[in-house]
Amino acid sequence: SHLDIVVANRNEGTISVYLNYGNGSFLNQTRYVTGAFSVSIAIGDFNDDNHLDIVVANGHEDTICILFGYGNGSFTNQMKHSTGAGPWCVAVGDFNNDTHLDIVVANVNGATVSVFLEYGNGSFANQMIYSTGAGPWSLAVDDFNSDNILNIVVANYGDNTVSIILGYKNGSFARQRRYLTGYAPYSVAVGDFNNDTHMDIVVANKNGNTVSLLLGYGNGSFANQMKYSTGSTPQSVVVGDFNNDTQLDIIITNFGDNTVSVLLGYGNSSFANQTSYSTGAGPLSAAVGDFNNDTRLDLVVINFNDHTMSVLLRYDRGALQDVVKFASSDGSRVRNFAVFDFNNDNLLDIAVVNYDTNNIGVLLGLGNSTFGNQTLLSTGLNSHPYSMAIHDFNKDGHVDIAVVNYDTKSLVTFLGSGNGTFENQASFSADFDYAPLMIGAGSFNKDGHSEILVPYDSIDYIDVLVTYNIGSFGNHSKYSTSVGPRSLAAADLNNDNYLDVVVANQGDSTVSVFFGYGNGSFANETRYSTGSSPWSVAVGDFNIDNYLDIVVANSGDDTVSLLLGYGNGSFAYQMKYSTGHGPVSVATGDFNKDIRLDIVVVNQKDGTVNVLIEYGNGSFEKPLKYSTGSVPRSVAVGDFNNDMYLDIAIANFGDDTISLLLGYGDGTFSNQMTYPTVAWPYSLAVADFNKDNNLDIAVVNIASNSVSVFLEYGNGSFVIKATYSTGSGANAVAVDDFNNDNRLDIVVTNWNDNSMSIFLGYGDGFFANQITYSTGHSPVSVAVGDFNNDTRLDIVVSNMNEKSVSAGIYNCNIYLTVIVKIPDGK
């Protein structure tokens with residue numbers, strides 16, 4: 001219910017979205033990529049989803065682009081449509097009365113307007129083009145002939161006219177009729193200035209230093225212009241009732257003489273002479289609010305050329321006091337500011353960013369148009385703070401301040417006490433790789449977490465820092481295994497309702513079983529023999545006796561071992577089944593829909609995958625063989641094309657691909673489809689990361705120290721969504737919800753730096769950057785479960801070169817900050 005702002009940034013081809021706090025202050029910008037030389041913006045719901053969308057005119061590439069809104073303040077990537085030459089201004093309206101919003105664009109180089117009729121689903125018909133005068137620079141839409149059909153008015157900069165283009169009910173338009181204006185009409189607005197219920201037109205004449213008023217007769221024709229003086233170089237005109245007399249007034253920004261002009265309307269088409277108010281040098285933007293608590297609207301203006309803020313306080317009906325300037329201190333070079341009531345006295349205060357003095361200043365409002373002396377808060381030696389944002393980051397009901405420092409490439413946070421004082425809070429700090437330029441803050445997806453947005457100098461991505469009350473993982477407990485613990489799995493192996501752990505020990509060809517006590521601790525291992533060099537382990541009930549069994553892939557002798565469980569934690573001697581050459585990963589699933597678990601195993605040395613179909617008594621048919629990519633290292637199972645049949649996904653280490661084999665439901669599979677990954681994919685996991693009911697894939701890439709997320713379309717095809725940095729030597733991955741927000745997260749083990757990385761999910765297929773925790777030496781496998789029955793998920797890791805497993809138990813109420821990199825426009 002708060003009005004937000006969107007701005008076109010023409011020189012960098014972006015738009016900036018400012019979300020409103022509801023108190024007259026705004027979050028710092030979030031930027032989205034548009035086309036070349038974005039010069040104009042309009043807003044409307046173009047796909048009838050009740051969320052506002054944005055249309056942008058791109059002057060140097062002859063397109064408009066549409067960014068569809070999600071309803072939470074974020075927008076999709078742009079969708080472009082061709083226009084005439086030099087689209088310079090855009091407006092929206094329902095031109096054919098079909099209840100769908102259409103678009104009109106003024107093409108400055110083509111002397112035309114383009115009309116795009118919308119189908120109601122976000123798509124548009126090809127443009128219809130209509131002639132205007134020379135250099136159409138600005139346009140507006142309204143009903144000028146009282147037929148309930150929208151018409152168009154265009155300000156023609158090149159021939160000093162406005163064009164009136166009357167509309168027909170089918171969305172087509174008549175030929176233009178032109179009327180003279182002042183010199184170089186630059187901006188046009190519409191309103192009823194003489195209270196005759198007919199729409200009139202006001203035009204700002206840039207080179208004539210006037211505004212022209214053309215009164216409408218209600219039949220599509222207009223009287224000759226009346227002119228009123230403005231300040232120097234008027235570039236924009238807006239209309240509203242500024243003095244609360246129910247008569248429309250005109251407000252003009254004058255870039256040339258550092259003023260704003262107010263023309264108060266009498267309601268009879270005449271206006272008082274302009275009242276001009278000084279601003280700083282090069283007033284660029286303004287906002288309205290009651291800064292001195294007198295129930296009258298005031299103006300705050302940002303002055304582009306002298307880097308100051310001007311507050312113009314209204315003391316009479318439509319009148320403003322002279323500008324009051326606030327500077328932080330001599331030589332401070334104020335770079336940014338924010339307005340808020342920091343001490344809860346119902347008076348607005350100001351916080352400023354002082355670049356050269358390495359601090360921020362807080363000026364508390366006194367309620368009589370003045371402010372107290374600033375309180376300085378250091379941002380660090382030679383930090384050179386650049387921008388600030390305000391938000392309640394720690395959910396204590398008091399607003400806090402976050403500041404980004406250009407030279408130290410860092411973020412510092414000052415937590416507010418509610419009385420105007422602040423405390424530097426190290427636990428809400430972050431370091432960056434590049435110099436930050438701006439900062440914005442808010443809870444953009446309404447999940448209760450605060451997000452901070454940071455764009456950088458010369459880098460084409462934005463960081464989102466998310467504050468989570470997520471908890472952490474306590475110091476891990478270690479348990480000795482046999483030699484070379486290569487893989488592990490977690491399950492209740494002895495039917496005591498506590499999770500246990502089974503580990504495949506590559507070095508001595510055994511599996512170790514650790515029985516859990518239900519409090520996060522485990523009994524010493526019990527060992528069972530396997531085949532040679534067991535590389536991977538999985539758990540399932542293969543003989544349908546309701547007791548869990550163990551299956552192991554033995555890389556050294558090209559077999560899988562099956563150890564049938566007795567239900568009390570003990571297991572029968574292994575039974576072996578032949579596989580391809582070098583089996584290194586095993587998974588289970590019912591591939592032929594006979595309600596019996598089957599086995600799939602990938603063989604790294606011959607580039608194949610074997611499927612072993614089970615008879616129901618713990619024995620298996622001769623394996624079926626399918627080709628994979630080069631050096632397959634990991635396998636996972638899921639229904640990727642939503643046909644109710646299980647499919648197979650494989651990470652191919654040797655050729656940097658993942659393979660997908662779609663199942664036919666009878667135990668057989670299609671030939672592989674491959675998708676390229678980042679260098680050396682080593683392990684993968686399957687889950688629905690974006691809540692679209694389609695299974696997605698997470699792949700860890702050991703050579704590039706990263707994890708890639710592939711999102712699935714529901715037909716068995718995938719697209720790589722994002723890749724995130726991990727620790728060094730990423731080699732195993734698991735998926736679950738670690739912070740109880742109903743969004744899946746990712747855990748990755750990092751062999752080279754003895755750590756694991758947690759990536760918290762946003763529920764849309766994107767993830768925060770890693771939080772790292774120490775493990776034992778050379779972590780090589782990871783599993784997830786609630787080992788201490790506290791309803792929170794814990795993690796268990798096998799440490800190959802330390803002959804141990806590490807169990808990390810979740811602790812609550814620790815605040816952490818994590819980062820996710822997202823490209824502009826996301």
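## Briefing on an all-strand predicted model

Strand β66 (residues 755-759) and β67 run antiparallel and are joined by four bridges. They belong to a predicted model whose protein chain has 72 strands and zero helices. Of the 826 residues in the chain, 60% count as buried. Among contacts in the chain with a separation of 6 or more, 42% are between residues 24 or more positions apart.

- Strand β67 covers residues 771-774 and has one covered face and one uncovered face.
- Ile771 and Tyr773 make up the covered face, while Thr772 and Ser774 make up the uncovered one.
- In a regular strand, side chains alternate between the two faces of the sheet.

- Strand β14 (residues 161-165) is largely enclosed by the rest of the structure, because five of its five residues are buried.
- Both of its faces are covered, with Thr161, Ser163 and Ile165 buried on one side and Val162 and Ile164 buried on the other.
- Strand β13 (residues 151-156) pairs with β14 in the antiparallel sense over five bridges.
- Ile152 has Ile165 in β14 as its bridge partner.
- The hairpin of β13 and β14 has four residues between the strands, and Asn160 takes a positive phi near 60° there.
- Strand β15 (residues 177-180) also runs antiparallel to β14, and four bridges join the two.
- Ser163 has Arg178 in β15 as its bridge partner.

**The sheet β20 to β23**

- Four strands form an open sheet in the order β20-β21-β22-β23, with antiparallel pairing.
- Its edge strands are β20 (234-240) and β23 (275-278), each of which pairs on one side only.
- From one strand to the next, the twist averages 20°.
- Strand β21 (residues 249-254) and strand β22 (residues 259-263) pair over five bridges in the antiparallel sense.
- Ile252 stands opposite Ser261 in β22.

**Ser387**

- Ser387 lies in strand β34 (residues 385-391).
- With 0% relative accessibility, Ser387 counts as buried, since the cut-off for buried is under 20%.
- A polar atom of the Ser387 side chain lies 3.4 Å from the backbone nitrogen of Ile439.
- Leaving aside neighbours within four places in sequence, Ser387 is in contact with Asn28, Asn336, Val353, Ala402, Val403, Val404, Leu437, Met438 and Ile439.

- With six residues, β60 gives the most to the lining.

Methods
Residues are numbered from 1 along each chain as its sequence is written. This is a predicted model: local features need pLDDT of at least 70, side-chain atom pairs count only at pLDDT 80 or more; totals for chains, interfaces and linings use all residues. Side-chain values use heavy atoms; hydrogens and water are left out. Two strands pair if DSSP finds at least two bridges between them. Axes are lines fitted to C-alpha atoms, for helices over the stretch in contact, and angles run from 0 to 180 degrees between N-to-C directions. Buried means under 20% relative accessible area, exposed over 50%, partly exposed in between (1.4 Å probe, protein chains only). A polar contact is a pair of N or O atoms within 3.5 Å; within protein, one must be able to donate a hydrogen and the other to accept it, and residues adjacent in sequence count only if both atoms are side-chain atoms. Contact means heavy atoms within 4.5 Å.
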